[in-house]
Amino acid sequence: MEIEREKVREFRQALLRFAQKTPSIPDVEIEVPEYLLGFGKPVFDAEKCWGCAACKIRCLDGALEVREDGERRLIVLYPWKCIACEECAKLCPKEAITIVHSINLREFLSDEPVVCVEHDVVRCENCGKPIGAAKQVDEVFSQLEGAGYPPSHWRRSKALCEECRRLLSARMLIESWGIELA
Ligand code: SF4
Ligand code: SF4
């Protein structure tokens, strides 16, 4: 059965309005019957997740967000926005997400996001911009190594963001034409 997004959202807004008038909401996990469509949440397996953020891109309801917090990349969930559509779980390349039909009442009736997974961040050696989660960067480069790509190719660009990598390639091309750059 199709989840009626608009109806679920309106219902949630009503729940939130009541919650804001309630002095203390119990910190309890509540099972939601499966027939009550649109309630549930993704649970992340931190061991499997490599921090690619594909789930966040897939979530059309804005329930997932990726934040850079210093040297950490956080995947956070706004529980009240999640309609348990399972799209993030279907897309995850690492099968790191399970959708459960339960909600934490306090988390659900709050506007605050919940941190689901944390990763170390790799920064571009040239400009300092975050490149991605260390786990993903390491895994991709060890796959390249395993696939027999010449190390001179990937080692050089390992710690550069896309823009700096492009600039480096352009510089190398121009220099190969015998033109000296400053
Ligand atoms: S849960 Fe899956 S899709 Fe989301 S960041 Fe982790 S590996 Fe990527
Ligand atoms: S289950 Fe659907 S709404 Fe919930 S986080 Fe995943 S993609 Fe977003």
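This is a short tour of a predicted model, from the whole chain down to single residues.

**Whole chain.** Start with the protein chain in cartoon view. Its secondary structure comes to seven helices and eight strands. The radius of gyration is 22 Å, well over the 16 Å that the globule rule gives for 182 residues, so the chain is more spread out than a compact globule. The C-alpha atoms then fill a box of roughly 70 × 30 × 25 Å.

**The sheet.** Next, select strands E3, E4, E7 and E8. These four strands form an open sheet in the order E3-E4-E7-E8, with antiparallel pairing. Look at the edges: E3 (64-69) and E8 (130-133) each have a single partner strand, so one side of each is left without a neighbour in the sheet. From one strand to the next, the twist averages 35°. Show side chains if you like. In a regular strand they alternate between the two faces of the sheet.

**The E3-E4 hairpin.** Zoom in on E3 and E4 (residues 72-77). Six bridges pair these strands in the antiparallel sense. Pick Glu 68, then find Arg 73 opposite in E4. Now move to the turn. E3 and E4 form a hairpin with two residues between them. Gly 70 sits in this turn and has a positive phi of about 65°.

**The E7-E8 pair.** Go to the other pair, E7 (residues 114-123) and E8. Three bridges join these antiparallel strands. Select Arg 123: its bridge partner in E8 is Pro 130.

**Helix H5.** Check its span from first C-alpha to last: the 13 residues reach 18 Å, close to the 18 Å expected at 1.5 Å a residue. Step just past the helix to Gly 148, where phi is positive, at about 85°.

**Ligand 1.** Centre on ligand 1. Which of the 13 residues around ligand 1 come nearest? They are Cys 49, Cys 52, Ala 54, Cys 55 and Cys 92. Colour the shell by residue class: 11 residues are nonpolar, one is polar and one is charged.

**Ligand 2.** Finish at ligand 2, which 14 residues surround. The closest are Cys 59, Ala 63, Cys 82, Cys 85 and Cys 88.

Technical notes
Residues numbered from 1 in each chain as written. Chains lettered and ligands numbered in written order. Predicted model: local features only at pLDDT ≥ 70, side-chain atom pairs only at ≥ 80, totals over all residues. Near = placed C-beta within 6 Å. Nonpolar A, V, L, I, M, F, W, Y, C, P; charged D, E, K, R; others polar. Pairing = 2+ DSSP bridges. Axes fitted to C-alpha atoms, helices over the stretch in contact; angles between N-to-C directions. Expected span 1.5 Å × (residues − 1). Rg over C-alpha atoms; globule rule 2.2 N^0.38 Å.
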